[in-house]
Amino acid sequence: MRVLASMDAIKTKVRQYWDQRAEQFSSLRLREWDSEKHGLWLAEFQTYMPGDGPLDILDVGTGTGFFALLLAGRGHRVTGIDLSENMICEARKTAARLGLPASFSVMDAECPDFGAASFDMVITRNLTWSLPNLQRAYCSWHGLLRPGGILLNFDADYCREDTQQVLPENHAHKEIGAGLLKEYESIKGMLRPCQQARPAWDLELLKAAGFREVQIDTSVWQRIYHDIDAFYNPVPVFAISARA
């Protein structure tokens, strides 16, 4: 019988993996900031933004702060959190480098330490696949949103990705050593038994958490990653939006 890894063990492994990748990942995100992806991501956000004025936004799993700083640059009040201390350190450095106001803290994505109804919007990118208790996360995020607030989740079914796909020579993953790639595959192996096929599974979890007007867009991948370049993502990214 296969023994499932404990949630704490998975989180520890995920944190250690991203702590090791933080500096290289920061460099990648700065290059993405200066690329056409900057405008493409802002256009995606504009589709979902609730209202015209400045919003209180929580970026969960902010990494080195790419999404948080994109939205801070548009005048929103943004807080970014991440389990990796090294990622948060890089996010603060990037914010200072770009001269943009955003607050960054080390925090568990499944149970962020904020008061109820603190935010107008919760955003996340390439995070939810790595959470051992996604139901808990969605319930927590629902509680953090004000009535009518929006959750916007960009992710992919990474635990079921095709590892045989050939990437271009200039792709960022070419910079990752064999040891880290092995760690990445190990994390997916630990998480796979805990998950169902996505994003259909997310739809069920979000409704159970109290969200309404849940919408799934599977075409975002084609808009953002139409070019096979250094930022190309071979796993089809989807967008899930839901209202509290």
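1. Which element gives the most residues to the lining of the largest cavity? In this predicted model, α1 does so, with 4 residues, helices being DSSP runs of H or I of at least four residues, numbered from the N terminus. Residues are numbered from 1 along each chain as its sequence is written. Because the model is predicted, local features need pLDDT of at least 70 and side-chain atom pairs count only at pLDDT 80 or more, while totals for chains, interfaces and linings use all residues, and side-chain values use heavy atoms, without hydrogens and water.

2. The structure holds 1 cavity of 30 Å³ or more, and the largest cavity has a volume of about 50 Å³. On a 1 Å grid over the protein atoms alone, a cavity is a set of points where a 1.4 Å probe fits but cannot get out, a pocket is an open set with protein on both sides within 12 Å along at least five of seven lines, and lining residues have an atom within 4 Å of a point. Among the residues lining the largest cavity are Arg 29, Trp 33, Phe 66 and Thr 94.

3. The axes of helix α5 (residues 134-144) and helix α7 (residues 200-208), lines fitted to C-alpha atoms over the stretch in contact, come within 9 Å and cross at roughly 45°. The contact (heavy atoms within 4.5 Å) involves Tyr 138 of α5 and Trp 201 of α7, among others.

Definitions and conventions. Axes fitted to C-alpha atoms, helices over the stretch in contact; angles between N-to-C directions. Helix = DSSP H or I, 4+ residues; strand = E, 2+ residues; numbered from the N terminus. Points joined across faces, edges and corners; volume = space filled by probe spheres on them.
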